[in-house]
Amino acid sequence: MDSFDKGWFVLQTYSGYENKVKENLLQRAQTYNMLENILRVEIPTQTVQVEKNGKSKEVEENRFPGYVLVEMVMTDEAWFVVRNTPNVTGFVGSHGNRSKPTPLLEEEIRNILISMGQTVQEFDLNVKVGDTVRIIDGAFANYTGKITEIDNNKVKMIISMFGNDTVAEVNLSQIAEL
C-alpha cells in the first residue's frame, strides 16, 4: 500500500450512468472487501422547479452530470477497484501516466455536502500555529509536535522521530489538544 490519504475524489462517468456507477461501486467495495477504504459514494443533486404541461413540480436534478464523488482511502487496491468500475472513465485531478488523483479541498466538499442537506463534521479544536498537539490517529499516532502550518483541514507539524525533527502532515481530525 502506497498511500493512506483519505479524502473525497471526483470520478468521471458516462453521463446518465451516475446512479449505476454508485450502485456498482458500492457492490464492488463489498465484493473486493474494500469497505474500510471505499467509505461513501455521493451524487450531488439539487431540487429544481420544472414546468410541464402548465403544471409546476419539484424534481431532483444531478448538479454535476457525468461526475460522482467518492470518499476513500487512496490505497493502490482501492484505486484499482474504483477506476476499473464499469462506466467510470477516470478520476478528475489525475495527471495521466497512471498517477493517483488529487482529493478535493475540504472546503469544496464541505460546500457540496451542505448544499445537499447533509451534515458535515465540525472540528471543535482551538489550535493555532505554534501550539503543541498530540496525534491521535494514523501513522504518527501518539507523537506530539508543534504546529507549523494549518491549511483548511491539513496540519503540518514538527515531530521528533528517531532523534531527528521530521515534518508530519495530518488531518485536523487526527490531532488533539494537550
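1. Arg83 is placed over the face of Trp79, 4.0 Å from the ring centre. A charge is taken to sit over a ring if NZ of Lys or CZ of Arg is within 6 Å of the ring centre and within 35 degrees of the ring normal.

2. The basis of these remarks is as follows. The model is predicted, and local features need pLDDT of at least 70, side-chain atom pairs count only at pLDDT 80 or more, and totals for chains, interfaces and linings use all residues. Residues are numbered from 1 along each chain as its sequence is written, and side-chain values use heavy atoms, with hydrogens and water left out.

3. The protein has three helices and 11 strands. Helices (H or I, at least four residues) and strands (E, at least two) are DSSP runs, numbered from the N terminus. Along the sequence the pattern reads β-α-β-β-β-β-α-β-α-β-β-β-β-β. The C-alpha atoms fill a box of roughly 70 × 35 × 30 Å along the principal axes. Of the 178 residues, 34% count as buried; buried means under 20% relative accessible area, exposed over 50%, and partly exposed in between, with a 1.4 Å probe and protein chains only. Among contacts in the protein with a separation of 6 or more, 57% come from residues 24 or more positions apart, a contact being heavy atoms within 4.5 Å.

4. Two strands are said to pair if DSSP finds at least two bridges between them. Angles run from 0 to 180 degrees between N-to-C directions, and axes are lines fitted to C-alpha atoms, for helices over the stretch in contact.

5. On its other pairing, E5 runs antiparallel to E2 with four bridges, and Ile38 stands opposite Met72 in E5. Six of the seven residues of E5 are buried, which leaves the strand mostly covered.

6. Helix H2 (residues 76-83) has as its buried residues Ala78, Trp79, Val81 and Val82. These residues lie on the same side of H2 because they cover an arc of only 165 degrees around the axis; the arc is that of the directions from the helix axis to the C-beta atoms. The buried residues of H2 pack against strand E1 (6-13), helix H1 (18-31), strand E2 (38-42), strand E5 (67-73) and strand E6 (88-91).

7. The whole structure contains two aromatic pairs. Rings of Phe, Tyr and Trp (its six-membered ring) pair if their centres lie within 6.5 Å, and planes under 30 degrees apart count as stacked, over 60 as edge-to-face and the rest as tilted. Phe9 and Phe91 form an edge-to-face pair, 6.3 Å centre to centre with 85 degrees between the planes. This pair links distant parts of the chain, with Phe9 in strand E1 and Phe91 in strand E6, 82 residues apart. Phe9 counts as buried because its relative accessibility is 1%, and Phe91 counts as buried because its relative accessibility is 9%. Tyr14 and Tyr17 form an edge-to-face pair at 6.4 Å centre to centre, with 75 degrees between the planes. Tyr14 is partly exposed at a relative accessible area of 48%, and Tyr17 is partly exposed at 41% relative accessibility.

8. Another open sheet consists of five strands in the order E10-E9-E8-E7-E11, with antiparallel pairing. Strand E10 (164-171) and strand E11 (175-177) are the edge strands, each pairing on one side only. The twist here averages 45 degrees from one strand to the next. Strand E7 (residues 132-135) and strand E8 (residues 144-151) pair in the antiparallel sense over three bridges, and Arg134 stands opposite Thr144 in E8.

9. Asn171 has its place in strand E10. Asn171 is buried, with a relative accessible area of 14%. Leaving aside neighbours within four places in sequence, Asn171 is in contact with Lys6, Asn153 and Lys154.
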